[in-house]
Amino acid sequence: MQGFGRARGGARTVGSRRAASAAIAIATLLAVGACTGPPAPNPSPSPESSTPAPASEPPSTPPPVLQPSGAPQVIAEGLDAPWSILRLPSGGVLVSERDTANIVEVLGDGSVRVAGTVPGVAPGGEGGLLGLAFLPGDGDRPDLVYAYHTAASDNRIVRMPLTGAVGSLALGDPEPILTGIPAAGNHNGGRIAFGPDGFLYATAGDAGDRDAAQDPGALAGKILRMTPDGQAAPGNPFGNLTWSFGHRNPQGIAWDAAGQLWAAEFGQNAWDELNRITPGGNYGWPVVEGQAGDARFTDPVAQWGTEEASPSGLAIVGDTLFLAALRGERLWTIAPATSGAPLATAPWFVGELGRLRDVTAGPDGDLWFISNNTDGRGSPREGDDRLYRVPLVPTDG
């Protein structure tokens, strides 16, 4: 890969606050108005009949259903509007900060240092430095960290070479791989992850353009699937970047043990959603919200009132989905993922930690997640924001 520049890194004092970013976010929240009634879906091409779907056969023995055990423990604190947790195969841990544009490394003693600052990030409202993903080197290119971020005129995905050892990680100059994803003060999506098929998936919100969510040719209101270089992945249902459409503001994606993709999505005024994603699937926004029973669309498999969720990060450990909720100020568990039994949902840590933004599998059977009380919509406590861990244990059933 060409164009990788000098690595950047530096120390940062834990607990620094940047009040201007909170003011921007509050102003954007107040500016979000009520939406008009939903239009009819736009005419759209049918998915290509030859499109293969990823294998989703249930494992012969389903993984265990897990749940948190005990009180969460603090790994690190003083994070500034953290958005995405990236655990590396080396044992390193990186966290993106939405409004500072910093990617910070969490050290073993709980302190943090700046591994790199992504240039060109334009934070405002819900936009800024958002999701992170990792692609290991292959001998011809270095390890790469991918980042989804808001720029001056769009959302984009960039990649940066990762250098250094754990404790001194650094990021080189970014190379854009996909630009032109619509951006706005809200509904930017922003989660990215490499799937079991080796392709990069990204969630893109409708950026306030509701009709675009129903247009498979638009980038807004979609889950996108691409090669590591940002090209439409082979087998995509419409021959472009779109994997699924009809989304409002999806911010969580994860795959279960059978290879099935799941996504969490912010609703409008009634229902937040958890969806099983199929290639070419239409998830209804803005025509329907929640479980509508309309044959034109795929209903969510679980839904919550918006005061209980506002779902962002999503992780699957064992046969359990773990969903970080912002407005709901809780961690949701949903299980089982693969056995075919009815899904059961349960809330954890309700109101104890504030807003929760992201969640991921930790080492040694732990679950890691981050609070998001410094994003301008929460009520920061001394030491916020924090990275937590909690042990997981099998359920009694």
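Which charged end sits over the ring of Trp368, and how many Å from its centre?

Modeller: The charged end of Arg87 sits over the ring of Trp368, 5.3 Å from its centre; the term requires NZ of Lys or CZ of Arg within 6 Å of the ring centre and within 35 degrees of the ring normal. This is a predicted model, in which local features need pLDDT of at least 70 and side-chain atom pairs count only at pLDDT 80 or more, while totals for chains, interfaces and linings use all residues. Residues are numbered from 1 along each chain as its sequence is written, and side-chain values use heavy atoms, with hydrogens and water left out.

The charged end of Arg248 likewise sits over the ring of Trp285, 5.5 Å from the centre.

As for ring pairs, rings of Phe, Tyr and Trp (its six-membered ring) pair if their centres lie within 6.5 Å; planes under 30 degrees apart count as stacked, over 60 as edge-to-face and the rest as tilted. The count by this rule is eight aromatic pairs. Tyr201 and Trp243 are edge-to-face, because their ring centres are 6.1 Å apart and their planes stand at 90°. Tyr201 belongs to strand S14 (residues 200–204) and Trp243 to strand S16 (residues 242–245), so this pair ties together parts 42 residues apart in sequence; strands are DSSP runs (E, at least two residues), numbered from the N terminus. Tyr201 is buried at a relative accessible area of 1%, and Trp243 is buried at 2%; buried means under 20% relative accessible area (1.4 Å probe, protein chains only).

Tyr201 also pairs edge-to-face with Trp255, with centres 5.0 Å apart and planes at 70°. Trp255 lies in strand S17 (residues 249–255), 54 residues from Tyr201, and is buried at 17%.

Elsewhere, ring pairs join Trp348, Phe349, Phe369 and Tyr388 into a cluster.

How values were computed: Helix = DSSP H or I, 4+ residues; strand = E, 2+ residues; numbered from the N terminus. Buried < 20%, exposed > 50% of the residue type's maximum accessible area, 1.4 Å probe, protein only.
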